[in-house]
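I opened this model to take notes on its fold, its metal site and its ring contacts. The entries follow the order in which I looked things up.

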Amino acid sequence: MKYLIFLIFPYLLLSETTFITPMEYASRLYKDPRGIGCQLCHGDKGEGKIVAEYKHKKIKKSFGGSTINKLPYEVFYKALNTRTDGMPRYFLTDREIASLYLFLHQNDEVKKTKEVKKTKKEKQVVK
Ligand code: HEC
C-alpha cells in the first residue's frame, strides 16, 4: 500500500501539466526549451529581433536572431540539429522541433485563406 502511494504521487504532480493543448505545450517549449528561450533572440513570434547593437572597429554591428517563422521545415530542422554561430545548441527531439515549428506557423492557414480571398477579388476587378 505504501508503495502504491509512491507510484501515484508523481502521476498526480505530472497530471497538472498533462492536460494542456499542443499549442500551449509548444508555446511553453518555445519560451523554455531546456535553456535560454528562443523568443529572447528571435522574437515572440519568431519574427526576428535585434538583441544588441555595438561598434567594432568603428563599424556599427548588431547581434540578434533572424526571422524563423517563414522557413521551410527542412531548413528549420537542420538549423536545430547543427551548430549555428551565436545560437545555443539545444538537443531537442524531433517531436519538440515539430512542436516549435507548429507554434511558429499557427497563423499560416489564416493568412492563406486571406490570400485566396484577395486573388478572387483581384479576378473580379479584372472582369
Ligand atoms: C542567444 C540567441 C539565440 C537563441 C536563444 C536562439 N537562437 Fe536561433 N539563431 C541565433 C543566431 C545568432 C542565428 C544565426 C544567425 C541568424 O540567422 O540570424 C540563429 C539561427 C537560427 C535558425 C536558422 C535561421 C535560418 O534562416 O537559417 C533557426 C531555425 C533558429 N535559430 C531557431 C531557434 C529556436 C527554435 C530557438 C529556441 C529553441 C533559438 N533559435 C534560440 C540566435 C539565437
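**Fold.** I read the elements of the protein chain from the N terminus as α-α-α-β-β-α-α-α. That gives 6 helices and 2 strands. Both are DSSP runs numbered from the N terminus: helices are H or I with at least four residues, strands are E with at least two.

**Ground rules.** I am working on a predicted model, where local features need pLDDT of at least 70 and side-chain atom pairs pLDDT 80 or more, while totals for chains, interfaces and linings use all residues. Residues are numbered from 1 along each chain as its sequence is written, and side-chain values use heavy atoms, without hydrogens or water.

I looked up burial for the protein chain: 21% of its 127 residues count as buried. Buried means under 20% relative accessible area, exposed means over 50%, and partly exposed lies in between (1.4 Å probe, protein chains only). I then took contacts, meaning heavy atoms within 4.5 Å. Among those in the protein chain between residues at least 6 apart in sequence, 43% join residues at least 24 apart.

**Metal site.** Which residues coordinate the iron atom of the ligand? I found H42 through NE2 and M87 through SD, at 2.0 to 2.1 Å. Donors here are N, O and S atoms within 2.8 Å of the metal (3.2 Å for Na, K and Ca); water is not among the atoms, so sites may look incomplete. The site of the iron atom is octahedral, with angles of 85 to 179 degrees among its 6 donor atoms. H42 lies in helix α3 (residues 39-42) and M87 in the loop between α4 (73-81) and α5 (94-104), so the pair ties together parts 45 residues apart in sequence. For six donors, octahedral requires opposite donors over 155 degrees apart and all others between 65 and 115. Ideal angles for six octahedral donors are 90 or 180 degrees. I also checked H42 for burial: it has 11% relative accessibility and counts as buried.

**Nonpolar core.** The largest nonpolar core has 14 residues. Y30, F76, L92, L100 and L104 have the most contacts inside this core. Helices α2 (22-31), α4 and α5 are the elements that give two or more residues to it. The most come from α5, with 5 residues. Such a core is a set of buried Ala, Val, Leu, Ile, Met, Phe, Trp, Tyr and Cys residues joined through side-chain atoms within 4.5 Å. Leaving aside neighbours within four places in sequence, L104 is in contact with Y30, K45, G46, I68, N69 and F76.

**M23.** This residue is in helix α2. M23 is partly exposed, at 27% relative accessible area. Its C-alpha atom is separated by 9.1 Å from that of L100, 77 residues apart along the chain. Leaving aside neighbours within four places in sequence, M23 is in contact with L102, F103 and Q106.

**Rings.** How many aromatic pairs are there? I get 4. Y73 and Y77 form a tilted pair, 6.0 Å centre to centre with 40 degrees between the planes. Rings of Phe, Tyr and Trp (its six-membered ring) pair if their centres lie within 6.5 Å; planes under 30 degrees apart count as stacked, over 60 as edge-to-face, and the rest as tilted. Y73 and Y77 are 4 residues apart in helix α4, so about one helical turn separates them. Y73 is partly exposed at 28%, and Y77 is partly exposed at 28%. The rings of Y73 and Y101 have centres 4.9 Å apart and planes at 85 degrees, so this pair is edge-to-face. The pair links distant parts of the chain, with Y73 in helix α4 and Y101 in helix α5, 28 residues apart. Y101 counts as buried, at 18% relative accessibility. Ring pairs link Y73, F76, Y77 and Y101 into a cluster.

**Charge over ring.** The charged end of R89 sits over the ring of F91, 4.5 Å from its centre. The rule asks for NZ of Lys or CZ of Arg within 6 Å of the ring centre and within 35 degrees of the ring normal.

**Positive phi.** R34, not a glycine, has phi near 55 degrees. R34 is in the loop between α2 and α3 and counts as exposed at 52% relative accessibility. K58 is not a glycine either, and has a positive phi of about 65 degrees. K58 lies in the loop between β1 (49-56) and β2 (59-65) and is exposed, at 81% relative accessible area.

Note on methods:
Four donors count as tetrahedral if all angles lie between 85 and 135 degrees; four count as square planar and six as octahedral if opposite donors are over 155 degrees apart and all others between 65 and 115; anything else is irregular.
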